[in-house]
Amino acid sequence: MRNPITALASSARATIAGREISALSREKTIVLALAIQLFIAAFSSFLVVGLTSLYDPSAEGGEIAVGVSGEERDKLIRVAEETQGVSPTPYSSQASALAAFESGELNAVLHTRRVQTDQGVRIAVDAEVPADSLETTLVIVRLQELLLELERQERAVRSDSLEFSPVELPEEQQDSDDFTQYFTFTYTILLPLLLFLPPFISGSVVVDSVTEELERGTLELLRVAPVSLTEIVDGKAIGMILIAPLQALLWLGLLWANGITVANVGLLLLLVTAIATLTTAVGLFLGLLTGTRQKAQLLYSTLMLVLFGAAAVLPEHPASTAALLAVDSASLGTLVHVGAITIVAGATFALVRSYVNRLDPESL
């Protein structure tokens with residue numbers, strides 16, 4: 001038989017969570033933020049076409065510097081000079097090119113080799129690109145275009161020696177550069193924006209919720225019911241944590257409806273839930289610690305900016321993690337990063353909950 005106290009506690013948490021979610025409709029700022037995200041996700045294809053004119057990888061700073069070395073260096077450089085967005089530099093050896101790459105002079109290194117096979121001599125290219133950074137996606141897309149163009153030219157040159165007619169290659173896309181801009185902006189800017197805003201909003205809402213209860217004295221009214229302060233806080237947290245992945249799932253569905261493919265949806269939702277747990281825990285702690293909305297919101301906003309900036313020193317930035325998962329290019333390090341964020345979020349929430357358990361409600 002189920003313990004009635006456990007049933008009451010569970011019912012109380014669910015009731016408070018539902019109360020918090022329903023209260024969102026009265027928060028004009030939150031409703032406006034959600035409406036803006038809904039508009040962006042629903043009309044993403046249309047917006048990206050216009051916004052990429054502002055975010056232009058082919059403009060200054062968008063062209064990647066590539067060091068080229070090896071036996072087929074000159075051939076690859078000729079192709080690179082015909083490829084938009086790639087600035088090639090010849091190097092006498094792979095070691096010298098890698099040294100320039102390590103010093104930050106190059107965005108990537110390509111080392112060419114002749115490989116003898118049963119079908120004849122082939123060109124092999126070893127690529128070195130930045131590991132786990134926001135520019136990785138752009139660099140990979142640029143190099144893919146370059147190597148595809150090299151392959152196309154090699155096929156055209158060697159077709160005369162074939163004893164049969166090969167299948168004709170499709171004509172080169174005229175809008176390949178536009179596609180690169182679209183691809184880069186969608187997965188490195190738009191997708192992280194839609195995924196990470198809901199957790200930040202959840203943390204901000206829980207700050208308002210806690211401080212409003214304290215400032216108006218309604219927390220005492222809640223405690224008239226047979227529920228503890230911990231159960232009240234749990235209910236507020238559950239509502240705000242759950243709404244973030246639900247929003248993210250809706251945004252991803254709207255992206256899919258716009259023809260934007262997103263891989264690893266489950267892992268992306270796990271990442272969003274973990275970040276929402278972290279931001280909600282921070283919001284709860286600051287709300288209970290300060291007791292005033294203005295101070296708590298200022299501290300929350302400042303701390304979120306500091307944490308987001310500090311994420312740049314991580315082996316992989318969360319925005320890069322989201323982009324790699326979405327394009328199905330996740331490495332083992334990416335999966336470890338998701339797991340680490342989940343563990344940190346869970347530990348942070350446990351610490352805040354322990355802090356709440358030790359609080360004297362009368363002191364609030």
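A crossing of two helices is called left-handed if the near helix is turned anticlockwise from the far one by less than a right angle, and right-handed if it is turned clockwise. In this predicted model, helix α10 passes α11 in a right-handed crossing, and α9 likewise passes α13 in a right-handed crossing.

| Helix pair | Residues | Angle | Axes |
|---|---|---|---|
| α9 and α13 | 229–257 and 332–358 | about 150 degrees | 9 Å apart |
| α10 and α11 | 265–290 and 293–310 | roughly 145 degrees | within 9 Å |

Because angles over 145 degrees count as roughly antiparallel, α9 is roughly antiparallel to α13. On the α9 side, the residues that make this contact include Leu229, Val233 and Ile241, while those of α13 include Phe349 and Arg353. Sorted by class, the contact of α9 with α13 has 6 nonpolar, 2 polar and 2 charged residues.

Where α10 meets α11, the residues of α10 include Val282, Gly283 and Leu286, and those of α11 include Lys295, Leu299 and Tyr300. The contact of α10 with α11 divides into 7 nonpolar, 4 polar and 1 charged residues.

The model also holds an open sheet of 4 strands in the order β2-β1-β3-β4, with mixed pairing, in which the edge strands β2 (86–90) and β4 (120–128) each pair on one side only. Strand β1 (residues 64–70) runs parallel to β2 and is joined to it by 5 bridges, with Ile64 standing opposite Val86 in β2. Helix α4 (residues 73–81) packs on the sheet, where it touches β1, β2, β3 and β4, and helix α5 (residues 94–102) also packs on the sheet, touching β1, β3 and β4.

Conventions:
Residues numbered from 1 in each chain as written. Predicted model: local features only at pLDDT ≥ 70, side-chain atom pairs only at ≥ 80, totals over all residues. Heavy atoms only, no water. Axes fitted to C-alpha atoms, helices over the stretch in contact; angles between N-to-C directions. Helix = DSSP H or I, 4+ residues; strand = E, 2+ residues; numbered from the N terminus. Parallel < 35°, antiparallel > 145°, perpendicular 65-115°, else oblique. Contact = heavy atoms within 4.5 Å. Nonpolar A, V, L, I, M, F, W, Y, C, P; charged D, E, K, R; others polar. Pairing = 2+ DSSP bridges.
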